[in-house]
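Have the model open as you read.

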Amino acid sequence: MKATSHIYTTWQKVQGRDEASSHEEIPPGRPMSMEQHMVDKGAQMLQSLKPIKQMSQHVCTFALYSHDMNRQIETHHHVTRINQDFLQCAVYDSDDSRGCLIGVEYIISDRLFENLDPEEQKLWHSHAYEIKSGLWVSPRVPEMVARPELENLAKPYGKFWCTWQTDRGDKLPRGPPALMMSPQPVNLGMVKPALVQKRDDKYNISTDEATKTTRLEINEPEWINPQADYWKQHGKCFAIDVEPVEMKRMAPFP
């Protein structure tokens, strides 16, 4: 009985603290009930959650909004490798327990990318500079351990859709998804130094040092398809506008 009383008292304190700060939280909402915690714990014990358990890496890097490249964000990719040619990433805005799921990125090999049609290729970005410059890091994993994967990721291309723009203060996911671009070594593609320094301080790393030492030896791709990073060559971006359309009563097949 005493143990139950202690748990309840502790829960009351946590609940009170959460209620006091709920107006500042993203997303807004009531604190989870003890009953909900019990349901979730029970489900974790009974269900396999296989897709989640396949996430094997945490990567921290940066991304830029295609339609407004002055807006740059730190991103946290939780990576699942499906095979040697395809990875899928759940992207969060932080790596703490309350991090918001802000989007998804798909990463494909250069072999698969070359088989896409030219219009589709325009939506993808390269990763070579991101890797070579030290912006793409695996927090708390030594560079020498991460080296083989870094070499693998220098050639592939990614397509990243942001579905929740927490950087502009959205407390809930709003509007259509935004296409994101990777950092590049030209004008608008350069990540702001303050943003990089903040990340480096958090993980006690040096992006600048990595660029001058360990990343120097990673080979750059012999060729990057100019359809990727489309804005660099053409000064054009891509954005989604939502508009009402007539419903199709008979869907085409296939």
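R71 counts as buried, because its relative accessibility is 17% (buried means under 20% relative accessible area, exposed over 50%, and partly exposed in between, with a 1.4 Å probe and protein chains only). This is a predicted model, in which local features need pLDDT of at least 70, side-chain atom pairs count only at pLDDT 80 or more, and totals for chains, interfaces and linings use all residues. Residues are numbered from 1 along each chain as its sequence is written, and side-chain values use heavy atoms, with hydrogens and water left out.

You will find R71 in strand β2 (residues 68-83); strands (E, at least two residues) are DSSP runs numbered from the N terminus. What does R71 lie over? The answer is the face of Y65, at 3.9 Å from the ring centre; for Arg, this calls for CZ within 6 Å of the ring centre and within 35 degrees of the ring normal. The side chain of R71 also makes a polar contact with the side chain of D167, at 3.1 Å (a pair of N or O atoms within 3.5 Å, where one must be able to donate a hydrogen and the other to accept it; residues adjacent in sequence count only if both atoms are side-chain atoms).

Now to the rings. The structure holds four aromatic pairs, meaning rings of Phe, Tyr and Trp (its six-membered ring) with centres within 6.5 Å; planes under 30 degrees apart count as stacked, over 60 as edge-to-face and the rest as tilted. Two of the pairs are set out here.

| Pair | Centre to centre | Between the planes | Class |
|---|---|---|---|
| F86 and Y106 | 6.1 Å | 40° | tilted |
| Y230 and F238 | 5.6 Å | 45° | tilted |

F86 lies in strand β3 (residues 86-92) and Y106 in strand β4 (residues 101-108), so their pair ties together parts that are 20 residues apart in sequence. F86 is partly exposed at 24% relative accessibility, and Y106 is partly exposed at 31%. In the other pair, Y230 is buried at 13%, while F238 is partly exposed at 27%. Elsewhere, ring pairs link F113, W124 and Y157 into a cluster.

Methods:
Helices (H or I, at least four residues) and strands (E, at least two) are DSSP runs, numbered from the N terminus.
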